Every structure is written in C-alpha cells, then in structure tokens.
Amino acid sequence: LFFLITVFLMACSSTGNQRQEPENQTLETILNRKSVRKYKDRPVEKEKIDKLIRAGMAAPSSRDRRAWEFIIVTDRKALETRQAIVVYGDTIKSSNAWFLDCSAASQNLLLAAESMGLGAVWTAVYPYPDRIEIVRKELRLPDHIMPLNVIPVGYPMQKETPKNKYNVQQIHHNGW
C-alpha cells in the first residue's frame, strides 16, 4: 500500500511539474513577419512610432558608426503613402557600410512593427537611381544622405499569412 501511494504521489507531482516550454517570442515574431501593403485608415500612435525608431536604432552597426537617419512621414501626399518611416544612410559617417547599418535598422523596425500588431513592408529605394531621385526631391535630402528604403507602417486591413521561406537546399555545412 505504501508503495502504491508513493507511486501515485510521484505521478501526480511529476505531471504538475511537466510544463510545456514557453514559446520563444522573438523567434515567433521573426517567423510571423510578413509584408503588409494594405492598411486601415487609422494613424499609428506617436508612442508606437517612437518604439519603432528606438528598435531601429538598437540595431548592430559597422564599427558602431550608426550611420542611419530616419524621417517619419505623416503627410499623405508625400511619397503616396498613408504613414511611413524612411531609412537613410549618412555617407559621411560611413562611406562604405551605411547600407549595412540601415538594413539592420530596417529589419529591427520591421520586426518591432510585427511584434506590436502593426503591418509594414520594405520598399526599396537604393540602388535605383529613379527612386533615389524621387525620394531626395520629395523630402529635400542633403547630398550626403542616401535613401535606402521607405517603410509604410499601419494597422493591417486584413490578416496576412507569412511566407515560409525556409529552403533546405540553401543550407551548406563546413563549406559549399
């Protein structure tokens, strides 16, 4: 009887201690990120925009130069978008790696948007001369500031499904 009670108590206590490992929120955000191009007619709150910029500026930076600059566009006529954050590189701060810094900042910003229930999409400007010229002119950029992308941000119009981009054929071990 003692043995039976001990086994029963051990079984009860071990079931109570078996918890599923909590989901990794960071990986979940990364894997759920998607490009959103249609938004509700609802502006994103200033506090959320500030968090997006903070996330962008938390990115790694080549030689810690932080060559990024951000312009928050809320004028609907500018760049034909509802709301956007434009990421730029300062070529004086980093003549050869500005686009790496700005790419990392852009990815952080996109992930932060996903984590806050916002939609966003990377819209390339650099290296396309026609797009660079339009953005330069519209936002009156100085010559040493190079636009990398325009990231429209907003509340998604509909639920989007992330693409599964995992491809085992693009994985190599210990060499090509």
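The residues that line the largest pocket divide into five nonpolar, four polar and six charged, where Ala, Val, Leu, Ile, Met, Phe, Trp, Tyr, Cys and Pro count as nonpolar, Asp, Glu, Lys and Arg as charged, and the others, Gly among them, as polar. The structure is a predicted model, in which local features need pLDDT of at least 70 and side-chain atom pairs count only at pLDDT 80 or more, while totals for chains, interfaces and linings use all residues. Residues are numbered from 1 along each chain as its sequence is written, and side-chain values use heavy atoms, with hydrogens and water left out.

About 350 Å³ of space lies in this pocket, and of the 15 residues lining it, R33, K34, P162, K163 and K165 are the closest to its centre. Two or more lining residues are given by each of the elements α2 (25-32) and α4 (98-115); helices (H or I, at least four residues) and strands (E, at least two) are DSSP runs numbered from the N terminus. A pocket is an open set of points on a 1 Å grid over the protein atoms alone, where a 1.4 Å probe fits, with protein on both sides within 12 Å along at least five of seven lines, and lining residues have an atom within 4 Å of a point. The volume is the space filled by probe spheres set on the points, which are joined across faces, edges and corners.

On the surface, L27, I30 and L31 form a nonpolar patch with about 300 Å² of accessible area together, a patch being made of residues with over 30% relative accessible area and no salt bridge, with nonpolar side chains (Val, Leu, Ile, Met, Phe, Trp, Tyr) joined within 5 Å. Areas come from the Shrake-Rupley method with a 1.4 Å probe, and a salt bridge is a side-chain nitrogen of Lys or Arg within 4 Å of a carboxyl oxygen of Asp or Glu. L31, placed in helix α2, counts as exposed because its relative accessibility is 63% (exposed means over 50%, buried under 20%).

Positive phi values in residues other than glycine include that of R140, near 55 degrees, in the loop between α5 and β5 (145-154), and that of N174, near 60 degrees, in the segment after β5. R140 is exposed at 70% relative accessible area, and N174 is exposed at 88%. The peptide bond from Y126 to P127 is cis, with omega near 10 degrees, and P127 lies in the loop between β4 (123-124) and α5 (129-139). P152, in strand β5, is buried at 12% relative accessibility.

Key:
Patch = residues over 30% accessible without salt bridge, like charges linked within 9 Å, V, L, I, M, F, W, Y side chains within 5 Å. Buried < 20%, exposed > 50% of the residue type's maximum accessible area, 1.4 Å probe, protein only.
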